[in-house]
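Work through the two exercises below with the model open. Each task is followed by a stepwise solution.

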Amino acid sequence: MASTPPAPSTIRTLPSWLLGRAAARGRALVADALGREGLKMWHHVVLSAVADLGPVAQAELGRSVSLDPKDMVGVLNDLQADGLVERAPDPRDRRKNAITITERGRRTVERCTEAAARANAELLAPLSAAERERFMEMLTRISGVEAPEE
């Protein structure tokens, strides 16, 4: 069975390369877990954002998750067809659509959140609990993403 040859030694020592490899492994684990729940990665991202922000204007939703408007339309079409979100004219501006999560969508987000957490636990399994906490603190700092409030 053929295996992927290792990266050159000068590359394997770069934090950016290692983070990329870890991210790729993490994405694969989460994508597999979400797939077993019937969702693709972007569908989960958008559905989770609707759960947090909804009802939310479609354009605002796209900006919040950095998804191109034409791609957002496709994802929302899929989510609506599956009964996970509803589109309706925005009461504040009838020219816009407001996206709202359905009860089925909420249950799906809960299941997918748990599945993603299990996948991430598998990713971080080689680390002790203290190492995981410190690793998350460091990732948060270098990513420029604000830590969630507890």
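**Exercise 1: the sheet**

In E3, Ala98 is the bridge partner of Ala57. The model is predicted: local features need pLDDT of at least 70, side-chain atom pairs count only at pLDDT 80 or more, and totals for chains, interfaces and linings use all residues. Residues are numbered from 1 along each chain as its sequence is written, and side-chain values use heavy atoms, with hydrogens and water left out.

Task: find the strand order of the sheet and the strands at its edges.

Solution. 
1. Strands (E, at least two residues) and helices (H or I, at least four) are DSSP runs numbered from the N terminus. Two strands pair if DSSP finds at least two bridges between them.
2. Pair E1 with E3: 2 bridges, antiparallel.
3. Pair E2 with E3 (residues 93–101): 6 bridges, also antiparallel. Pro89 has Asn97 as its bridge partner in E3, and Val85 stands opposite Ile101 in E3.
4. Read the order: E1-E3-E2, an open sheet of 3 strands. E1 (56–57) and E2 (85–90) each have a single partner strand, so one side of each lacks a neighbour in the sheet.
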